[in-house]
Amino acid sequence: MEESQKNEIAKKLDRATLEHHEVVRFTAETPELDIPEAYEIQELGIQMRLRRGEKVIGHKMGLTSRAKMQQMGVDSPIRGILTDKMMLSNESTISLEDYIHPKIEPEIVFFVEKEIKGVVTPEEALSRCNGVCVGLEIIDSRYKNFEFQLPDVVADNCSSTSFVLGSKVADPGQYDLKNLEMSLKVDGEVVQQGVSSAIYGDPAASLAELSRMLNECGRSIEPGSIVLAGAATAAIQIDPGKIYSARAESLGQVFVSVR
Ligand code: OOG
Ligand code: MG
């Protein structure tokens, strides 16, 4: 694919993000779009954000659950980049006007203290973190009806839009992070329930997989990064006038309200 075509796709996605409108998936017209090209487009989109003054603060893993991978017919998760503009404070109120058709999902989030590089075990990856928390991720795919193929969603920075972090809990090694009960609530009522093992068998394994994926393009997980390890349950549609919360055993809760 020509450089100009990659730039064109990145610009369309960037505009759709800024103007909150949807686009039709690019693989419909350009079926040859492949995964490495999609990561190049993702990077072009991030460069556009950086030129507007945003700062990279971490990474997210997506499609880490077996169910989502099977649904997409893939055996590897995808990764995206998080910027400071995407982070909301706990108990924030969002307005649906700032989104297209957002969904929300409960996540486990790592605070990386020391660089994680190359192929590492989940234990090694975890030992480089100084905290963990429960999070809520708001995904707002720029594609019509959330209909995309793998290269489309990678190019769209894995539907990244906003996220909220709960209180950071220190010394993450003290918890059995793969066996935490997790739930997603709407106005205090549980609507989705799961176990943290739904996140790639173990959220720390998702962190290690991110390190392996970044290493393939000569990169690493930088010290100070935040990493969203993936959703523990299916995402649900966000409606106005509701309060959404995620809870993870031992890690507490995190909230976002919708206007
Ligand atoms: C892709 C993003 C998936 C997760 O945690 O699995 C994701 C999507 O479903 O739009 O963030
Ligand atoms: Mg997610």
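Buried means under 20% relative accessible area, exposed means over 50%, and partly exposed lies in between, with a 1.4 Å probe and protein chains only. The views below come from a predicted model, in which local features need pLDDT of at least 70 and side-chain atom pairs count only at pLDDT 80 or more, while totals for chains, interfaces and linings use all residues. Residues are numbered from 1 along each chain as its sequence is written, chains are lettered from A and ligands numbered from 1 in the order in which they are written, and side-chain values use heavy atoms, with hydrogens and water left out.

View 1. Ser159 lies in the loop between H5 and strand S7 (160-165), where helices (H or I, at least four residues) and strands (E, at least two) are DSSP runs numbered from the N terminus. Its relative accessibility is 4%, so Ser159 counts as buried. Most residues other than glycine have a negative phi, yet the phi of Ser159 is near 65°, a positive value. Asp171, in the loop between strand S8 (169-170) and strand S9 (181-186), also has a positive phi, near 55°. With a relative accessibility of 49%, Asp171 counts as partly exposed.

**View 2. The packing of helices H1 and H2.** Two packed helices are described by the angle between their axes and the distance between the axes. Helix H1 (residues 3-19) packs against helix H2 (residues 35-51) at an angle of about 55°, and their axes are 9 Å apart; here axes are lines fitted to C-alpha atoms, for helices over the stretch in contact, and angles run from 0 to 180 degrees between N-to-C directions. This makes H1 oblique to H2, since angles under 35 degrees count as roughly parallel, over 145 as roughly antiparallel, 65 to 115 as roughly perpendicular and the rest as oblique. On the H1 side the contact (heavy atoms within 4.5 Å) includes Ile9, Ala10 and Leu13, and on the H2 side it includes Ile41, Leu44 and Met48.

**View 3. Helix H2 and its buried residues.** The 17 residues of H2 reach 24 Å from the first C-alpha to the last, close to the 24 Å expected at 1.5 Å a residue, the expected span being 1.5 Å times one less than the number of residues. Among the buried residues of H2 are Tyr39, Gln42 and Ile46. The buried residues of this helix pack against H1, strand S1 (56-62), strand S2 (78-83), helix H5 (150-155) and helix H6 (203-215).

**View 4. Helix H6.** Eleven of the 13 residues of H6 are buried, so this helix is largely enclosed by the rest of the structure. The buried residues include Pro203, Leu207, Leu210 and Met213.

View 5. Glu2, in the segment before H1, is exposed, with a relative accessible area of 56%, and its C-alpha atom is separated by 9.9 Å from that of Glu37, 35 residues apart along the chain. Thr30 sits in the loop between H1 and H2 and counts as buried, at 9% relative accessibility. Leaving aside neighbours within four places in sequence, Thr30 is in contact with Met1 and Gln5. Asp75, in the loop between helix H3 (66-72) and S2, is exposed, with a relative accessible area of 66%.
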